[in-house]
Amino acid sequence: MSGASKGKTAVEIRGVHKSFGALHVLKGIDLTIDAGEVVCVIGPSGSGKSTLLRCVNLLEEPEEGHIFVNGVEITDPDVDLDAQRRKIGMVFQQFNLFPHLTVTENLTLPQRRVLGRAPEEAARVAEENLKRVGLAQKASAYPAQLSGGQQQRVAIARALAMHPELMLFDEPTSALDPELVGDVLAVMRMLAREGMTMMVVTHEMSFAREVADRVVFMDGGVIVEQGPGAQVIGNPSHERTRTFLSRVLDPAAVSL
Ligand SMILES: Nc1ncnc2c1ncn2[C@@H]1O[C@H](COP(=O)(O)OP(=O)(O)O)[C@@H](O)[C@H]1O
Ligand SMILES: [Mg+2]
C-alpha cells in the first residue's frame with residue numbers, strides 16, 4: 001500500500017449505541033482502526049457484531065455516538081452518504097450476485113452505475129480484479145455455474161473493482177462448505193498483505209489469529225477485550241472470552 005496512508009485513522013467509532021425497539025444491541029462502542037490495519041471481530045451470535053459493522057457504512061444508524069471514516073463523519077446528518085459509501089466495500093455471508101448477469105457483468109454494472117466508468121474501463125478493471133481472486137477464467141460464467149467459494153470471490157472482486165479504501169466483511173465464509181473456505185480466506189490474506197484496511201466479522205479463529213493485527217471480542221453489545229490475536233485468542237484475560245473460545249474451538253463440548 002502507499003506508505004503515506006499508514007498510521008492514519010481509517011475508522012473511528014465513538015460512544016455508539018444502537019437499539020432495535022426495546023432491544024439495546026450496541027451499548028457504547030469505542031473502536032479505532034488505522035489505515036492498513038486488519039481488525040477481526042469475534043463473539044457469540046447476537047452480540048451485535050453485524051450491527052456494528054453495518055453502522056460503519058450507516059446501513060444501521062446509531063441513535064447515539066459518532067463514526068468517522070477517513071476523517072469524514074458519516075453519522076453527520078448532512079454528510080453525502082452515497083459518496084462516502086462508494087469508498088467502503090462490503091462482503092456479506094450471502095454473495096448477492098445478480099443471477100442473470102455474467103461474472104464480468106456483475107463487476108462492471110456497479111462501476112458504470114455508481115462510478116460512471118466507461119464500458120472499456122469497467123471491463124478492464126473487472127478483468128484485473130477477477131485475476132486477483134484467481135477467477136479470470138470464469139469471466140463469462142453465470143453465478144449458478146460457480147461454487148459458493150467462487151461466488152464469494154466474485155463478490156470480493158466486485159467490491160475491489162470499486163477501489164474501496166476500506167473493506168467490511170460479515171462472516172464471508174459462514175455459508176460455504178468447509179473445503180471452499182480456504183480459497184476465500186486466501187484472497188482475504190492477500191488483501192491484508194497488500195495493506196487493505198479491513199474489518200472482518202468471522203468465526204475463523206485461526207484466520208483471525210494469523211491475519212488480524214487486532215482481534216476484538218464482543219459480547220452483549222460491548223467490547224469485552226481487544227488485542228493481538230495471540231493474546232485475545234491465545235491467552236484471553238476475560239472469563240467471557242474464554243467461555244466463547246472454548247465453545248467455538250470445541251463445539252462438541254458445548255452441550256456436555
Ligand atoms: N433489523 C433488526 N431488527 C430487530 N432486531 C435486530 C435487527 N438486526 C439485528 N437485530 C437483533 O440485534 C441483536 C444483535 O444482532 P447482530 O448484530 O446481527 O448480532 P451478531 O452479528 O453478533 O450475531 C440480535 O438479538 C438480533 O436479533
Ligand atoms: Mg452477524
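Contact, as used here, means heavy atoms within 4.5 Å. This is a predicted model, in which local features need pLDDT of at least 70, side-chain atom pairs count only at pLDDT 80 or more, and totals for chains, interfaces and linings use all residues. Residues are numbered from 1 along each chain as its sequence is written, chains are lettered from A and ligands numbered from 1 in the order in which they are written, and side-chain values use heavy atoms, with hydrogens and water left out.

H17 is a place to begin. H17 belongs to strand β1 (residues 9-20); strands (E, at least two residues) and helices (H or I, at least four residues) are DSSP runs, numbered from the N terminus. Leaving aside residues up to four places away in sequence, H17 touches H24, L26, K27, G28, P62, E63 and E64. A polar atom of the H17 side chain lies 3.4 Å from the backbone nitrogen of G28, a polar contact (a pair of N or O atoms within 3.5 Å; within protein, one must be able to donate a hydrogen and the other to accept it, and residues adjacent in sequence count only if both atoms are side-chain atoms).

Strand β1 is part of an open, antiparallel sheet of four strands in the order β2-β1-β4-β5, where two strands pair if DSSP finds at least two bridges between them. Because β2 and β5 (72-73) each have a single partner strand, they form the edges, and one side of each is left without a neighbour in the sheet. Strand β4 (residues 64-69) is joined to β5 by two bridges, and V69 stands opposite V72 of β5. Helix α1 lies across β1, β2 and β4, at about 55° to β2; axes are lines fitted to C-alpha atoms, for helices over the stretch in contact, and angles run from 0 to 180 degrees between N-to-C directions.

A second open sheet has six strands in the order β6-β7-β8-β3-β9-β10, with mixed pairing. Its edge strands are β6 (88-91) and β10 (222-227), each pairing on one side only. From one strand to the next the twist averages 15°. Strands β3 (residues 38-42) and β9 (residues 214-219) run parallel and are joined by four bridges, with V39 partnered by R214 in β9. Helix α1 packs on this sheet, touching β3, β6, β7 (166-170), β8 (197-201) and β9, and its direction makes about 155° with that of β7. Helix α6 (residues 178-194) also packs on the sheet, touching β3, β7 and β8, at about 145° to the direction of β8. Strands β9 and β10 run antiparallel, with five bridges between them; V216 stands opposite Q226 in β10. Their hairpin has two residues between the strands, and G220 takes a positive phi near 55° there.

Oxygen atoms of ligand 1 lie 2.7 Å from a polar backbone atom of G46, 3.1 Å from a backbone N or O atom of G48 and 2.8 Å from a polar side-chain atom of K49. The protein covers 59% of the 560 Å² of accessible area that ligand 1 has on its own, with areas from the Shrake-Rupley method and a 1.4 Å probe.
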